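Please look through the sequence and the structure shown here before reading on. The paragraphs below lead through the place where the chains meet and then through the fold of one chain.

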There are 2 protein chains.
Amino acid sequence: MDIVLIGFGTVGQGMAEVLSRKGATLQSSFREKLRLVGVFDSSSYEVSKKGLDPRELLTRKEKLHRVGPKLEGKSVLDALKDIDYDVMIEATPTNIEDGQPGLGHITAALKAGKDVVTSNKGPLALKYGELMRLAEKNDARLRFEASVGGATPIINVARELLMGEKIQSIRAIVNGTCNFILNRMMDEGLPFDQALREAQEMGYAEKDPSYDIDGIDSAAKAAILANAIFGRDCSYNDVRRSGIRGITLEAISMAAEEKKVIRLVAEISPSRLEVSPRLVPVGHPLAIGGTLNIFQMMTDLAGEVTVAGRGAGRLETASALLSDLVALMKEDCVVRRRTV
Amino acid sequence: MDIVLIGFGTVGQGMAEVLSRKGATLQSSFREKLRLVGVFDSSSYEVSKKGLDPRELLTRKEKLHRVGPKLEGKSVLDALKDIDYDVMIEATPTNIEDGQPGLGHITAALKAGKDVVTSNKGPLALKYGELMRLAEKNDARLRFEASVGGATPIINVARELLMGEKIQSIRAIVNGTCNFILNRMMDEGLPFDQALREAQEMGYAEKDPSYDIDGIDSAAKAAILANAIFGRDCSYNDVRRSGIRGITLEAISMAAEEKKVIRLVAEISPSRLEVSPRLVPVGHPLAIGGTLNIFQMMTDLAGEVTVAGRGAGRLETASALLSDLVALMKEDCVVRRRTV
């Protein structure tokens, strides 16, 4: 299995570390060569038919701030044409406006019949149906566990392990930054602005925090869940959305008097697609603390099934990419074994 | 896919209902006939090459208290020899002493190269290694999601979705009856004996409650997790075990003063295999209420991953059997599709 890794920021570098730590084990488990034959950051790239050493790439990136020779005006898509690969790992940052450049990368790979594993929310929250039809037409596989919930295996639990169930609804906390802010307001009595500043200082929130606190990130994830689990073809613009900017200390203490907490909850069902602050009873799974993500599914046979885990982080997101890569290798391995 | 269902008590009847509700959808999803060609209860059986109607079997069982003509001294194993089937669903009750009769049924199926899906803890908590070797030797698949955690997909999350992770430890609440009793003691100040009586009246606990409250059930599940997830070959006798009989109201109120609750926790790691009452901080995932089961895994890349769900129940256990059946059908379907 020859891999091209696109994006060498936090997630891409995490993936390189994971490949270096787990590559040998995976090769022997599945009896299949696993080679990283190409890697791109925003301005440079490196290619090798024999396979690149992920450790060397990490060292080079740290020293030179690039991963290889400069692209020099050449586009990633042009460079890709000269590379022979099986799977693209697309780990460029999410762009919720038009999905680029990830959308272009994924489209090119699928058109060429290559499998894709991605952590990039943009393409899936904007053009899900189109991408899925393209994958099917070209007999390629598109997997995206890492795009929602970080290391939490929500997509694969819902779509694979609960395949026999009818999932009726999902309620979820999908943005750790908002959860952190709401918790700090409640636990320490901090006003919103101060809790936000603290989140920024700790690296949980960006300088422009709008993406998190206005619920855009949560809405993108809700759209992906609606598409992947409820067979919708919606964009993040279809999500009814309100964020946590308006939450006051007064509201939080009124909730506390009723033994409730305020949480930014995503609710997804065939008839509902919404992200909004909700009152959640203390002790309820959705009253989860810290920056964890949690997903509560209601199903017809199993009743409620809950999964929770770390919603972000370098190795955590890479671990979700890894789980999809493992699923591809496993499928290939089953086919080889059963057809000998 | 021709199925034989052994055991037609709560779980077996649940499975019949699930097959009747989901059979047509599964057949069309996977383009494979799904036929129930044999069914056994403890004293009778029914066979049909063309396939039995699960609804009719449920009606007959309700009216006649048996599922078909009496076995009349014929053993299940003898009767099985005359049936042509692909998958055995083994749903007889757990016998933690010697694993019988489930162990005999599963052994016979694997020896004949048939796949097995089971909810029966006994065979897996006593003879795991032996059964796995038998399955491998005969190129048969043995799946047992339903044996631990009811509808909670713990085994398949750990072994399949987190296959690329190194799971370092699992802490779990696997017995809903104990959790119910401990909660009633805490919430209502009921003494142990009274909370136990209430659990018995509500059908959560058996007349002889030892299996639950002395931690035998939890130990069997801990052994299965150790075998399935940590590659051990241990029996439930290897689990250090203490139950909840000795928990007093005083202990519970002392815990409450420190904002803690008492839970019967199973802890499984390469170096630890134990079931015992533990203090858990209020708000911690393991402080879960009601009769839910919860599993908290610590992994090397993803950090902590938690899954929770209903640990028992007719349709819930059948839903876990269904998830394993779906996994078999899906694997077969991938092989057919990719080899055309």
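**Where the two chains meet**

Helix H7 (residues 154-161) of chain A and helix H7 (residues 154-161) of chain B have axes that come within 11 Å and cross at roughly 115 degrees, where axes are lines fitted to C-alpha atoms, for helices over the stretch in contact, and angles run from 0 to 180 degrees between N-to-C directions. H7(A) is therefore roughly perpendicular to H7(B), given that angles under 35 degrees count as roughly parallel, over 145 as roughly antiparallel, 65 to 115 as roughly perpendicular and the rest as oblique. The crossing of H7(A) and H7(B) is right-handed; a crossing has that name if the near helix is turned clockwise from the far one by less than a right angle, and is left-handed if anticlockwise. H7(A) brings Asn156(A), Val157(A) and Leu161(A) to the contact, and H7(B) brings Asn156(B), Val157(B) and Leu161(B), two residues being in contact if their C-beta atoms, placed from the backbone, lie within 7 Å. Four of these residues are nonpolar, two are polar and none is charged, with Ala, Val, Leu, Ile, Met, Phe, Trp, Tyr, Cys and Pro counted as nonpolar, Asp, Glu, Lys and Arg as charged, and the others, Gly among them, as polar.

This is a predicted model, in which local features need pLDDT of at least 70 and side-chain atom pairs count only at pLDDT 80 or more, while totals for chains, interfaces and linings use all residues. Residues are numbered from 1 along each chain as its sequence is written, and chains are lettered from A and ligands numbered from 1 in the order in which they are written. Helices (H or I, at least four residues) and strands (E, at least two) are DSSP runs, numbered from the N terminus.

The contact between the chains takes 37 residues from chain B and 37 residues from chain A. On the side of chain B, H1, H7, strand E12 (303-310) and H13 each supply at least two residues, and the largest share, 11 residues, comes from H13(B). By class, that side has 19 nonpolar, 11 polar and seven charged residues. Strand E12 (residues 303-310) of chain A pairs with E12(B) in the antiparallel sense over three bridges, pairing being assigned if DSSP finds at least two bridges between two strands. Within this pairing, Thr306(A) stands opposite Ala308(B).

Chain B is superposed on chain A by a rotation of 180 degrees with 0.0 Å of shift along its axis (RMSD 0.0 Å), using least squares on the C-alpha atoms of residues with pLDDT of at least 70 in both copies. The two copies are thus related as by a two-fold rotation axis. Val307(B) comes closest to the rotation axis of the residues of chain B, at 2.2 Å (C-alpha).

**Within chain B**

Chain B holds an open sheet of six strands in the order E3-E2-E1-E4-E5-E6, with mixed pairing. Strand E3 (45-47) and strand E6 (142-143) stand at its edges with a single partner strand each, so one side of each is left without a neighbour in the sheet. Strands E1 (residues 2-6) and E2 (residues 35-40) of chain B run parallel and are joined by five bridges.

Helix H13 (residues 314-338) of chain B lies across strand E4 (87-90), strand E5 (115-118) and E6, running at about 160 degrees to E5(B). The axes of H13(B) and helix H1 (residues 10-30) of chain B come within 8 Å and cross at roughly 35 degrees, in a right-handed crossing.
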